[in-house]
Amino acid sequence: MADTGAGIASAHADESMSMGSMTSCESLLDADLGGASRQPLGGGGGAAPERVAIVGSGNWGSAIARIVGRNVIEQEGFEHQIRQWVFPEKVSHNGVEACLTEVINKEHENVKYLPGVKLPENLVAEGDLALAVKDATILIFVLPHQFLGRVLPTVAEALGLTKSGGTAGVAPGGRRIRAVSLIKGVDKGPDGLKLISDHIREGLCGAVPLGLADEDYASCRAAGLSVTADADTDTLRLLFNRPTFRVTVVRNASATVELCGALKNVVALGAAFCDGLGYGGNTKAAIVRTGLAEMQVFAQRLRCDASAFDATASSRAFLESCGIGDLMTTCYGASRNRKCAEMFARESGKRSWEQLEAEELGGMKLQGPSTAVEAFGVIKKKKCARKFPLLTTIYRPSLSPGGEGAGRASVGAGGILEPRGFGLSDGWSWTGTRWSYD
Ligand SMILES: NC(=O)C1=CN([C@@H]2O[C@H](COP(=O)(O)OP(=O)(O)OC[C@H]3O[C@@H](n4cnc5c(N)ncnc54)[C@H](O)[C@@H]3O)[C@@H](O)[C@H]2O)C=CC1
Ligand SMILES: O=C(CO)COP(=O)(O)O
């Protein structure tokens with residue numbers, strides 16, 4: 001990971017920086033929360049304090065632990081100790097092999113995923129997932145999306161959330177459980193696509209909806225977290241707001257925010273192919289703007305809950321950190337997807353994505369390639385590849401089974417940079433408030 005990791009660590013360490021860049025992150029709250037979910041957090045009115053558990057401890061997981069760990073102490077309504085589930089693994093620390101969980105608890109630093117940044121001492125790393133989430137009332141999910149399915153059953157069981165009987169999201173004893181997702185990605189579903197938030201909601205038997213915080217960039221000195229919320233925004237602000245990290249609310253666009261976070265990683269692959277192939281800024285800009293447009297079409301047309309679509313809210317989300325902000329930072333910044341995709345193109349696909357991830361990221365994970373495959377699965381199922389020329393041409397030469405070998409070498413010529421790849425042709429047009437298709 002060396003380069004990317006070190007950059008991320010050192011940059012994020014300085015949280016006292018001014019709020020220069022409100023770029024690159026977003027979050028969202030579910031739009032359909034019931035009144036009960038909108039109640040402010042514990043603390044006021046003698047309610048029991050909320051207990052926060054963080055599920056995940058990579059680069060972003062560590063950065064958010066630092067933010068949340070400080071806030072639970074400074075704000076009312078939270079237990080001061082927070083627990084973080086750390087995937088059990090050994091690390092080399094000061095020349096000695098040690099368990100990462102123990103190193104974090106001793107040094108208050110995640111020496112593997114966010115080295116050089118001190119974590120608050122009220123954060124307790126826990127290698128046992130069930131123990132980490134036990135008695136929690138607020139869960140923050142922040143792990144690579146491919147691992148989510150494996151952890152949810154354990155979390156649900158540890159909290160006593162059962163599939164039958166009881167009230168959705170309420171654990172035995174009446175404890176209300178809520179969740180925030182900082183995960184970027186999409187999953188397969190019966191209709192082609194499943195949002196990660198739906199995955200969590202189902203896995204926890206209806207528990208979820210505190211919100212869906214679709215992230216920030218761990219490398220930002222200052223960043224914003226824009227929240228599409230119809231719910232308990234007070235809680236999100238208390239948990240995540242810092243002088244250098246702001247929560248912005250965008251109501252009624254939760255799926256859009258989530259899809260932005262997932263799809264921008266795919267667009268970043270295309271932008272990085274440009275870098276790797278030595279193309280100039282104009283070409284890269286064309287890819288970025290086409291990518292943004294295709295993200296909009298995808299969110300508006302291929303999402304699961306099209307009936308509930310709010311065009312105005314969705315449009316606004318694209319102008320927030322979750323939209324253009326995150327897209328820019330990933331296409332131009334210290335993104336892992338950008339870094340690996342640039343190498344992929346420069347080396348004409350000599351190393352597979354798996355190799356690049358293993359050899360270049362020091363244990364951190366790539367989300368873009370798997371999301372490209374998942375997004376293309378939906379595009380194919382809906383038979384609309386011609387409406388997504390960029391997403392399709394990013395997928396085909398670099399990730400499709402037939403695209404391997406010769407296709408990899410043709411990332412530039414005949415691949416992503418072929419002229420037909422640009423522009424939203426094929427009947428899509430912008431009416432001023434939404435995309436329409438003739
Ligand atoms: N790093 C960033 O700037 C941002 C990341 N995100 C998103 O947050 C999520 C988590 O990303 P990061 O914290 O950056 O993770 P990361 O990529 O830095 O680290 C990988 C994590 O996966 C864990 N892991 C490895 N094998 C595992 C397994 N079999 N089961 C469970 N966990 C395993 C590792 O221990 C490590 O904690 C992703 O969806 C990412 O897209 C969102 C915003 C910003
Ligand atoms: O989601 C992210 C930034 O918003 C992280 O991007 P990378 O995984 O490409 O580093």
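## A first stop: Lys383

Is Lys383 exposed or buried, judged by the other C-beta atoms within 10 Å? Lys383 is exposed, because 8 other C-beta atoms lie within 10 Å. Here a residue is buried if 20 or more other C-beta atoms lie within 10 Å of its own, exposed if 12 or fewer, and partly exposed in between, with C-beta atoms placed from the backbone. Lys383 belongs to the loop between helix H14 (368-381) and helix H15 (389-399). Its phi is near 55°, a positive value in a residue other than glycine. For background, most residues other than glycine have a negative phi.

## What you are looking at

This is a predicted model, in which local features need pLDDT of at least 70, side-chain atom pairs count only at pLDDT 80 or more, and totals for chains, interfaces and linings use all residues. Residues are numbered from 1 along each chain as its sequence is written, while chains are lettered from A and ligands numbered from 1 in the order in which they are written.

The chain holds 17 helices and 16 strands. Both are DSSP runs numbered from the N terminus: helices are H or I with at least four residues, and strands are E with at least two. The chain has 438 residues, and 51% of them count as buried. Among its contacts between residues at least 6 apart in sequence, 75% join residues at least 24 apart. Two residues are in contact if their C-beta atoms, placed from the backbone, lie within 7 Å.

## A parallel sheet

Let's turn to the strands. Five of them form an open sheet in the order S6-S3-S2-S7-S10, with parallel pairing. S6 and strand S10 (178-181) stand at the edges with a single partner strand each, so one side of each has no neighbour in the sheet. Neighbouring strands of this sheet are turned by 20° against each other on average, direction ignored. Strands pair if DSSP finds at least two bridges between them.

Four bridges pair S2 with strand S7 (residues 138-141) in the parallel sense, and Val52 stands opposite Ile138 in S7. S2 also runs parallel to strand S3 (residues 82-85), joined by three bridges; there, Ile54 has Gln84 as its bridge partner. From S2, Val52 and Ile54 point one way and Ala53 and Val55 the other, and all are buried.

Glu50 is in the loop between strand S1 (26-28) and S2. Glu50 counts as buried because it has 22 C-beta neighbours inside 10 Å. Glu50 and Ala136 are 86 residues apart in sequence, yet their C-alpha atoms are 7.4 Å apart in space.

Which residues of helix H3 (residues 100-107) are buried? They are Leu100, Thr101, Val103 and Ile104. Down the axis of H3, these buried residues fall within an arc of 165°, so they line one face of the helix. The arc is that of the directions from the helix axis to the C-beta atoms. Among the elements covering the buried residues of H3 are strand S4 (90-93), strand S5 (96-99) and strand S6 (123-126).

Just after H3 comes His108, with a positive phi of about 55°. His108 sits in the loop between H3 and S6. His108 counts as partly exposed because it has 17 C-beta neighbours inside 10 Å.

Where do helices H8 and H10 meet? Thr256, Val257 and Cys260 in H8 meet Ser314, Ala317 and Phe318 in H10. By class, this contact has four nonpolar, two polar and no charged residues. Ala, Val, Leu, Ile, Met, Phe, Trp, Tyr, Cys and Pro count as nonpolar, Asp, Glu, Lys and Arg as charged, and the others, Gly among them, as polar.

The axes of helix H8 (residues 254-277) and helix H10 (residues 311-319) come within 9 Å and cross at roughly 35°. Axes are lines fitted to C-alpha atoms, for helices over the stretch in contact, and angles run from 0 to 180 degrees between N-to-C directions. The crossing of H8 and H10 is right-handed, a word used when the near helix is turned clockwise from the far one by less than a right angle.
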